[in-house]
Structure formats: C-alpha cells, structure tokens
Amino acid sequence: PGESSSRRAEEVMEVVVRALEHKERGNSRFKEGEHETANEEYAVGIGLLEEWEGALKAAKASASEAERVEAREVRVSLLLNRSMALLKLERWSEAAACATTAVELEPENVKAAYRRGVARARLGQHEAALKDLQKALELEPTNKDAKREFAAVRELVAARRSADKRRLSGALRRGLYSDVEAERERRRVEEEAAEAVKRRRHAEANEARARKGEAPVSFEEWSKAEDEAKRKAEDEAKRAREREERERDERRRRERLAAGNEVVVVDDDDDLEACRGYKVLADGRKTSYFTRVPDDATRDLLDKAHTGPTKLDDRREPIAAEGSGSAWNAAGTTFEERPQTKWATDALKRRLTAVETRTEACALRVSAVKKLEGEASIVVSRRVPKYIFEYHCQLEFEAKTDAKTYKGTVDIPDLSSTVLDGDYEQRVHHRHTCDHLHNALPAFRAAINDAINEFVQEYRSRNLR
C-alpha cells in the first residue's frame, strides 16, 4: 500500500507539472495578444487533469486529500484563464461554460462568478448575469470591474422590465391586438431558446475537438455545417417519402388490375348507349342526364333580358370636400387604398441616417441604411384612415472611442404598424466590443426607436388628397 500511494503521488505531480507547463505557455501567448493559441494551451492542460480523474474512477482508486486539492486548484486556474481568453475571442457560451465549471469546483471564487456574469451578460442572459455579479461583489465588495459591470447590467435589466411593463400595459388596453403581441413574444422566446441550445451544442463540439487535439471552429462555421447537414437529411427524407408514395401507388394499381377494376373508356356511340346516366337531345346530341335545356318561352325571356352593357356619360368633375378619402371619396364611405411605399422608404432613410448619440467616452452614429425592404399604404374604410407599413431594416453603425473605432449592425426585423407601443425590437451585432461601447449602446438604441416613432407621427399627418 505504501508503494502504491507513493507511485500515485508521483503520477499526480507529473500530471500537475505538465498542466502547469501548458498554463505558462498559455499565459505567454495571452500577453502577446494570441488569445486563440492561449485558449488551446489552457484546454490541453484542463484535458490532462480530467483524464487523470477519469483514470482514477476507472481503476476505482482514490486520491489523497492533498492530491485532490492540488489538482483542483490547478484545474480552476486553467478554467479561469481559458474563460478570460474566450471572453477576448467573444465566444460567450464557451466562456460561460468554463466559468460555470470553476464555480462548481470553487463556489466562493470571485473571478469565476465575475467572468460568468460577463459572459452571460453578453449572451443577453441579464437576470442570471446580475446574480453572478452580485455574488462577486458580496465576495469582494471593492472589485471595481464587478461594480462597473453590475451597474451596466442592472441598467439593462431595468430598461427591459420597463419595456415589458409598457408592452403588457399596452396589450391590456388594446385587447384586440393582445394575440399579436403574445405571438410575437412567443416567437422571441422560442428563438432565444433555440439560439441558446445551438450555442451550448457548439461549445460542447469545440470541447470535444479540444480533447482530440483539434482546433476549434467558429460558431458561424459550425452553424453553416449543421444547417447543411440538416438540409441534406431533410432532402433525403423527402426523396424517401416520394419513393414510398410512388411504390404505394404502383402497388395499388397492380392490385386493382388483378381484381379486374379497370377504368372503362367510352370511345363510340354503342358504348355510350349502354352507359346509364346519359340521354339524347332533340337535335340528336348525346349529353349527361342532368343537362337542362331551356324551352322556347324561357329562351325568349333570356334573349330579351340580355341587352348588353350601357355606357355612362357622366362628365361631372369630382368635388373636393373635407374628409378622410380622396376628392372623389371625400366622405370616406368607399374603401380606398393608396400606395405610400416610395415616400415612406425615403422618409425612414432620412430619419434613420440622422441618428447619432454621444457619451463622454463613446460617439455612435448610423453610417448607412444597409437594407430597408417592405411597403406602405394608406387605407380608408368606413371613414377611418389606417396608416399601414411593414419593413425589415438593417442599419450599419460606427462607434468611436479615444482608443479605437468599432463597427456593427442593428437588425430591426419587425418595423411595422402592428407595433402599437412604439417599442421596436432591435438586434445589435458587433465582432469586437469594449466597456465604453457596451455602456453607450442603450442610449443609441433608444435614439433609433425615437427616429422610427417620429417617422410614424409624420406618416399619420399625411392625407390622400
């Protein structure tokens, strides 16, 4: 037993030393800005310690308390370093996963709670991020980074709750459109859940690749490969269904032939006379039994009634009058629709390209309207004008700080008249970020929302005449 314990201790020290070598190499690469290479070194070190733990379980052996503590401390440090490298690479899901494992190993670790909070905030999981950052501040109240991040996320959560409250209040007031709001919210929740599942599967796939010594793939590349595999599977399933349907139809046809249930083709008068449901008219024509032929009196009435259309010669000019419709529809009693797409598109572009905001540390502006697809029209029905528009918009923006210029896009998938509370969904995408940009984005999004609402007010002031 003494020799076995000594040999196991030597094995632990060997694994720990190798893991620490990978950690030091990763730290060197991280300092040089090579975050991808640093991440790979940390992953190899973590894998060595996990393999050692797996070998112990397989052999049904146990390590001493000192051995477990030493291995756990090195593993936690590797997980935290890898989480930091993944944050720099903006691979938020993987960063959160590494920090979560560190939290499970050391629940009172400040860095683990803080880095998981940052990753969750970037994933849009603001409530969970707030809890992590609050935990980090409880463990270390003087942590400036945790204070700053906690304040930013708390502001986002407050804004989100306020928007949800306004949306719910508006839905209760509107009543008629509550189903539309509920459906939009359901779609949003489903999309977020599906995105989270995809991110988790991507992180698991990269962890598996890291254990095999393979380089990780980006989320975009992985998603493209997954979508292609899904498309091929769906095409194959469709071909299989079509093949099965053809085989079934052929089998049924053969069964009908074998039973003698063939279709009779009528190709001469003798066959027609033998068929039931047919009759011969006075002029010798053969037709269906149900064909009705008018008698002479009925035919005379039809000839007299068929006088043809009469041309109207009313040259009176339309008189303009106060009302919701055009001059000819001044009273608004006739349904009328007038296209407004060109005017609405130009007005939206004009207002959106003028959006810009500025804080002490960051200036943002819309640099271009990359996509603006949709249509608009004014409809008058029962004397009530309805200002209808529906667009899908994508904006390009530019953010400047003292140190760097950042670029990104803002997607507005549902820029339409069905959004009655004036709060339009915006999806912000950017490859790189900093705290200044992160803190300035809420005001920039609010300015975009204000520009759209100004367009709506201008649109509603138009009339058909």
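In this predicted model, Cys 393 is buried, at 0% relative accessibility. Cys 434 is likewise classed as buried, with a relative accessible area of 18%. The cut-off for this class is under 20%. The cysteine sulfur closest to that of Cys 434 belongs to Cys 362. The two sulfur atoms are 6.2 Å apart, too far for a bond. A disulfide requires a pair of cysteine sulfur atoms within 2.5 Å. By this rule, the count of disulfides is zero.

Helix α13 spans residues 435-460 and contains His 438. This histidine is buried, its relative accessible area being 13%. Neighbours within four places in sequence were set aside in listing its contacts. His 438 then touches Arg 122, Glu 149, Ala 152, Leu 156 and Thr 433.

Helix α13 also packs against helix α12, residues 341-352. Their axes come within 9 Å. The crossing angle is roughly 145 degrees, and the crossing is right-handed. On the α12 side, the contact is made by Trp 343, Ala 344, Ala 347, Leu 348, Arg 350, Arg 351 and Leu 352. On the α13 side, the contributors are Ile 448, Ala 451, Ile 452, Glu 454, Phe 455, Glu 458 and Tyr 459. By class, this contact has 10 nonpolar and four charged residues, with no polar ones. Among the charged residues are Arg 350 and Arg 351 of α12 and Glu 454 and Glu 458 of α13.

A further helix pair is formed by α3 (residues 65-88) and α4 (residues 92-105). The axes of α3 and α4 come within 8 Å and cross at roughly 160 degrees. Angles over 145 degrees count as roughly antiparallel. Helices α3 and α4 are therefore roughly antiparallel to each other. Their crossing is left-handed. From α3, the contact involves Arg 72, Arg 75, Val 76, Leu 79, Leu 80, Arg 82, Ser 83, Leu 86 and Leu 87. These residues meet Trp 92, Glu 94, Ala 95, Cys 98, Ala 99, Thr 101, Ala 102 and Leu 105 in α4. The contact of α3 with α4 comprises 11 nonpolar, two polar and four charged residues.

Key. Residues are numbered from 1 along each chain as its sequence is written. This is a predicted model: local features need pLDDT of at least 70, side-chain atom pairs count only at pLDDT 80 or more; totals for chains, interfaces and linings use all residues. Side-chain values use heavy atoms; hydrogens and water are left out. Axes are lines fitted to C-alpha atoms, for helices over the stretch in contact, and angles run from 0 to 180 degrees between N-to-C directions. Helices (H or I, at least four residues) and strands (E, at least two) are DSSP runs, numbered from the N terminus. Angles under 35 degrees count as roughly parallel, over 145 as roughly antiparallel, 65 to 115 as roughly perpendicular and the rest as oblique. A crossing is left-handed if the near helix is turned anticlockwise from the far one by less than a right angle, and right-handed if clockwise. Contact means heavy atoms within 4.5 Å. Buried means under 20% relative accessible area, exposed over 50%, partly exposed in between (1.4 Å probe, protein chains only).
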